[in-house]
Structures are given as C-alpha cells and as structure tokens.
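Here is a short report on a two-chain model. Read it with the structure open beside you.

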Amino acid sequence: MKVNLWGVRGSIPTTGSETKVYGGQTSCMVVSEEDSLIVLDGGSGIQTFNDAHIPKNKRVDILLTHLHMDHIQGLGFFKPFFREDVEIHLWGPSSNTDSLSSRLSRYFSPPLFPVRLLELPCKLVMHEIGNTDFNIGNFKIQSSYIIHPGPTLGYRIEGKQSVFTYLPDHEPALGRNGMIKDHNWISGYNIAHHADLLYHDGQYTATNYATHKGWGHSSIEDTLAFAAACEIKHLLIGHHDPSRTDAQLDELTRELREDVDKYNFEFNFAIEGSELEL
Amino acid sequence: MSAHAIEVILNRQLADCLSIPVFITDTKGNLIFYNEPAEELLGTRFEETGSMPVEKWSTIFTPMDESSNVIPPAELPLVKTLEDCYPYHKTFWILSLKGNKEKISVTSYPIIGRENKFLGAVAIFWKAKD
C-alpha cells in the first residue's frame, strides 16, 4: 500500500515561503495498492490529481471525512469531474437533515462556483455512509463517526498487508477530563487500533488548545496520547495550523524528540508531497 | 471491537462536566456510566464498579410515591424510555443512603444517533422543589 500526502494543512491553504517544506495545501491524500486507488478528502491538495492517476477501469473513489471547506474546496478543480468517460464515486457522511448531494450543492452552485453538481459531465455516484463497512477494489474500509463538529467520519483502510487510518479532524480529548482511559470510550479507537500508519489531527499545541476546545481539533500532546492508546506503529501528525511556519514545526519536532523514549511508535509531522510505503 | 457509539461518548463527556447526577445506560438498561454527583447518590464510585447490570443498579433506589407506596418499575421514567424510546419526567421519592426519604425529579431521554438508531438512555436526577 502506498500513501501519498497531497495536502496536510488545516483550515485554509497557506502556500508561501514560510510553509514550503511542510506544505500549504489543505486535506487530500491518495491511497493505492496494485490497481486500486482511493482519494481521501477534496481539499486544495486534490489539484495534484491528473489524468495519469486515473485507474485503468476509469473509476475514481473519493472518501470525504466531512464537508468543512478545507476538505471540499479542491473538488471544483478535480479534473476527472469534467470527463464523460470517468465514473466517480463520492462517499461522505450521512446526515438526518439533508442529503450529501444537497449539502455539496451549496458549494457546487452560484455564487460560490459556476458549475452545478448536476452539470458535471462525469458519471457521478453518491454514497451516504455512517458507521459502515465496505470494499473498494483491494481495500476493506471501515468508516466511523468521530468527535468533530457536524457529521464527520474517520476511515480505516485495510490493504493486503497493512492498515492505514485517516483522522484529519478529530478531538477525542473533548471534555472535562480529557481522553478517557477505557478504550471503549475513546472516539476513533475502533478504527485506529493497531494501525500500521495513523494520520491524525494535531493542529494545536497544548497552549493553543486551551483556547480552542470544542473546535474539533487536537493538541499534539493529545494526538500522541491517542496514538499510544491505539498501539499504532507510525503516527503522522497533520492538519497543521495555518499560522504554523516550517521553522515552528521544526522546533516542535526538536522538542518532541526529547520525549521520544516515552513512545514506542515512530512519529513525525506530515510533509506535503511525501510518499509512504506500508 | 466493542467501542461505544460517538453519541454515547459525547453524552458521557457532557455528564462529566455537570454538577447534577447523570446516569447513562445501554439499550437494555445496564448502567454504563454515572458521573460524580451520581456516585454520591449510589454510594459507589464508577472507577470501582465499572458498568453495572440492570438487575443490580435498579435495586439500589427504592422509588416511592407520596404515601410511601413503592412505584413499580414500569412507571419510572428511565424504564419507560427504554421501553419506547421517548423522553419522560416524573417526581417521586427515594430512600437515601442514610435511610431518609428524598423528593426527586427524574428526566430521561433516549440517545438516538445520526443513523436514527437507538443507542441507550440517559437519566438526570434533580432535587425536587418542595
């Protein structure tokens, strides 16, 4: 299984000289194995997708965690949407109040975007999911609602030999007493336990988090604690705060390295453009 | 993997922040969490007991009406919520740990999640106005 990181910035694209190492594109990744390919989220990083990425069967699956702007803003610039010969399957969280199609149409319609969802030339198939098990090509996938404002899913993707868990926006420590020790009470544990690679929200430092509780994101410290509870092998900390510069992320890396012995898994900050082989 | 649904986890996180007794059950009525104010009512700590089967925790209180007649379980708010997934409210008396009769109001509501699935129930105990 290969995981390509195309967007690891949170909230808003922040490309510039101070973010050129870790990257400024918002949430998007591609997971592939043999002929199977999945796109995770449609942030601005999805612009990297070109014709060469389209699988032989001309089917592309996009799994959306939720519909906050930084996870869908690149969809309008996703080239396969404008090809009649491509079948695109959009998977996203169901809601009791409105269909996935109707919620996405708020973006895919004037005045925000000139082309309406219904007008896209591709063959578009919508899948509304919740706590759901399903398969795409080689992959066995488990989606699960997690703590984040509005209907939000995390994904566990199981390939032939490895497991990747994707939780870009997640606040498992929300509450007076932070993260609860009993695994049964930890949001996201059911899809992250024993993953070979976990990509997890670490937007804030502990200091930042104190003034952003309930915004749906985690402190780096809570992310490390979550990864430890889930007994994963490798943690990628992402959804970098838009104000966080490369220099600050390097400094945070140095600080975290001082505590490296506390954790029995590898961890580092996610870098846009990198590829991991599991 | 028997993790609780996110809607149940969020109810616990809320209960953890409240200063009124809150009890959370699964769909069968087994007590899966109670907060610190509820610990005072039960006389036990959640950290020590963990979850409790319905047969055990339902006998701790002795619900009574004004004339000290025992109220049958089927008339209690939480039992009714578990039965039909609707919210209920009732004022009645219980025997405290010290053996005193205390007037309380109980509000119960079902946890019905995003997938319209019944996931459990919550009972909030209020000290009733005299």
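H1(B) is mostly covered, with nine of its 11 residues buried. Buried means under 20% relative accessible area, exposed means over 50%, and partly exposed lies in between (1.4 Å probe, protein chains only). Helices (H or I, at least four residues) and strands (E, at least two) are DSSP runs, numbered from the N terminus. The buried set in H1(B) is B:Ile6, B:Glu7, B:Val8, B:Ile9, B:Asn11, B:Arg12, B:Gln13, B:Ala15 and B:Asp16. In chain B, these buried residues pack against strand S1 (22-25), S2, helix H3 (46-49), strand S4 (101-112) and strand S5 (118-127). They also pack against strand S8 (139-145) of chain A.

This is a predicted model: local features need pLDDT of at least 70, side-chain atom pairs count only at pLDDT 80 or more, and totals for chains, interfaces and linings use all residues. Residues are numbered from 1 along each chain as its sequence is written, chains are lettered from A and ligands numbered from 1 in the order written, and side-chain values use heavy atoms, with hydrogens and water left out.

**The interface**

Chain B puts 19 residues into the contact, and chain A puts in 24 residues. Contact means heavy atoms within 4.5 Å. The buried area between the chains is about 2000 Å², and carbon and sulfur atoms give 56% of that. Buried area is the accessible area (1.4 Å probe) that two parts lose on being put together, summed over both.

Six residue pairs are in polar contact between chain B and chain A, both residues at pLDDT 80 or more. A polar contact is a pair of N or O atoms within 3.5 Å; within protein, one must be able to donate a hydrogen and the other to accept it, and residues adjacent in sequence count only if both atoms are side-chain atoms. Salt bridges between the chains number zero. A salt bridge needs a side-chain nitrogen of Lys or Arg within 4 Å of a carboxyl oxygen of Asp or Glu.

On the side of chain B that touches chain A, helix H1 (6-16) and strand S2 (31-34) each give two or more residues. H1(B) gives the most, with seven residues.

**Two side-chain contacts in chain A**

A:Lys233 sits in the loop between helix H5 (220-230) and strand S12 (234-238) of chain A. Its side chain makes a polar contact of 3.1 Å with the side chain of A:Asp196. A:Lys233 counts as exposed because its relative accessibility is 57%.

A:Thr65 sits in the loop between strand S4 (59-63) and helix H1 (69-72) of chain A. A polar contact of 3.4 Å joins its side chain to that of A:His71. Is A:Thr65 buried or exposed? At 1% relative accessibility, A:Thr65 counts as buried.

**Backbone points**

Most residues other than glycine have a negative phi, and most peptide bonds are trans. The residues below have a positive phi without being glycine.

| Residue | Phi | Relative accessible area |
|---|---|---|
| A:Lys58 | near 55° | 35%, partly exposed |
| A:His194 | about 60° | 46%, partly exposed |

A:Lys58 lies in the loop between strand S3 (36-40) and S4 of chain A. A:His194 lies in the loop between helix H3 (189-192) and strand S11 (197-201) of chain A. The peptide bond from A:Pro110 to A:Pro111 is cis, with omega near 5°.
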